[in-house]
Amino acid sequence: MNTKVIKITNQEIKENPYLLREAAKIIAEGEVVAFPTETVYGLGANALNEKAVRKIFELKGRPSDNPLIVHLHSKELIKNYAEISNEVEKQIVEDLMPGPLTLILKKKEIISSIVTAGLPTVGIRIPYNPIAQKLIELSGVPISAPSANLSGKPSATEAQTVIEEFAGKIPFVIDGGKTHIGIESTVIMVKEEETKYSILILRPGFITKEDLENFVNENKFSKQVEVIYSENIQQETPLSPGQKYKHYSPKSHVAIIKDFKKAEELIKDFKNEKIGVLGRKNFLKEVKKILTYLGVKNIFELEWCEYDLIDCARNLFFAYRIFDKENVAIILVEYLEEKGLGYSIMNRVKKSSTYFI
Ligand code: TXA
Ligand code: MG
């Protein structure tokens, strides 16, 4: 199969939305198109076409018990596919969508159990990226899309990565440049009990626990609302099937370095190989000292982010892909404090890591 790649900017889409007509037609016809969102690239297909949805699972090598999320271009459409069951869900849609957020809702009949992996719920996301929005709108159907990477690999934050993994296997890739946010959406679910609501964070993301707490404080609800990371509550079956799999892994080992002193032992084991280092300026300086003192010759370092955690999020998977090309044996990654966006970034790094020192 020939893979057509078109390059488009957000500005061009605003001026000439019909540039996406061909891609939208391909989706409507039951084929798969890779497209940018503000978080990561998605591998999209018509969510109402089971055959098309199956193609996504096959292309990614994704376990069939890991549900896909459904992308819409407008809030008004949610009611066609899912039920908004309480005041908190309603307000989340009102205040936080479109955006890097996926809300798990009770699904309606029209959504196939192939999409939801047999669950009675469906994840709904309305991206704010104008290319994604326009593509969904023009295709005239809801689009199910996981991140556009082979299962287990770091998510794709650039079209080039998508092309490397799926060229010849999908008909169309929309290249909208490097994605803004760089880690996937926050996945949440609202649980209503007699005396309170809980907003469960199934996958942390750009919208943080602190953001959700602010959202709660800014609104009036008839019951108390608590925001909880679902990994902190005991569950017999995981609420989010995707979270049980190893994820986001580059080819090499990943070691999270919290304690430089203890890292020496590990580094010695990789002494004669190429070692990658990912961190902020100070971290790079400190690790370099240790590596030099241990006699490591082959070092490849990347400055993770210059300014803030937003930069770190944007560059994480991007950096992993660069380390892959450099064929490093291990990446030493700076530990970031697990607060705010740091929590979400570390969630990804932990899932990809073999060592935490
Ligand atoms: O930012 C994103 O969310 C990107 C872009 C393309 O939109 N998509 C994405 O999809 O990351 P994916 O399939 O890689 O991750 C979706 C996550 C998985 O962990 C999956 O298990 C979970 O959402 N999920 C989907 N439907 C669910 C449901 N009904 N209940 C619980 N978890 C669900
Ligand atoms: Mg994914």
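The following legends describe close-up views of a predicted model.

View 1. At least two lining residues come from each of the strands E3 (41-46), E4 (69-71), E6 (101-107), E7 (121-125), E10 (186-192) and E11 (196-203). Strand E7 gives the most to this lining, with four residues.

View 2. The structure holds one cavity of 30 Å³ or more. The space in the largest cavity amounts to about 30 Å³. Ile 257, Phe 260, Ala 263, Ile 267, Val 287, Ile 290 and Leu 332 line the largest cavity. Seven nonpolar residues make up this lining, with no polar and no charged residues. Helix H9 (260-269) and helix H10 (281-293) each supply at least two of the lining residues, and the largest share, three residues, comes from H9.

**View 3. Helix H9 and its surroundings.** Four residues of H9 are shown as buried: Ala 263, Glu 264, Leu 266 and Ile 267. Of these, Ala 263 and Ile 267 also belong to the lining of the largest cavity. The buried residues of H9 pack against helix H10 and against the strands E13 (253-257), E14 (275-279), E16 (330-334) and E17 (355-356). At the start of the helix, the backbone nitrogen of Lys 261 has a side-chain oxygen of Asp 259 within 3.0 Å.

**View 4. The open sheet of five strands.** The strands of this open sheet are arranged in the order E15-E14-E16-E13-E17, and their pairing is parallel. Strand E15 (299-303) and strand E17 form the edges; each has a single partner strand, so one side of each is left without a neighbour in the sheet. In general, strands of a sheet pair through backbone hydrogen bonds, in either a parallel or an antiparallel manner.

**View 5. Pairing of strands E14 and E16 within the sheet.** Strands E14 and E16 run parallel and are joined by four bridges. One residue pair is labelled in this view: Ile 275 has Ile 330, in E16, as its bridge partner. Both strands are also among the elements against which the buried residues of H9 pack.

Notes: Residues are numbered from 1 along each chain as its sequence is written. Chains are lettered from A and ligands numbered from 1 in the order in which they are written. This is a predicted model: local features need pLDDT of at least 70, side-chain atom pairs count only at pLDDT 80 or more; totals for chains, interfaces and linings use all residues. Side-chain values use heavy atoms; hydrogens and water are left out. On a 1 Å grid over the protein atoms alone, a cavity is a set of points where a 1.4 Å probe fits but cannot get out, and a pocket is an open set with protein on both sides within 12 Å along at least five of seven lines; lining residues have an atom within 4 Å of a point. Grid points are joined across faces, edges and corners, and a volume is the space filled by probe spheres set on the points. Ala, Val, Leu, Ile, Met, Phe, Trp, Tyr, Cys and Pro count as nonpolar, Asp, Glu, Lys and Arg as charged, and the others, Gly among them, as polar. Buried means under 20% relative accessible area, exposed over 50%, partly exposed in between (1.4 Å probe, protein chains only). Contact means heavy atoms within 4.5 Å. A polar contact is a pair of N or O atoms within 3.5 Å; within protein, one must be able to donate a hydrogen and the other to accept it, and residues adjacent in sequence count only if both atoms are side-chain atoms. Two strands pair if DSSP finds at least two bridges between them.
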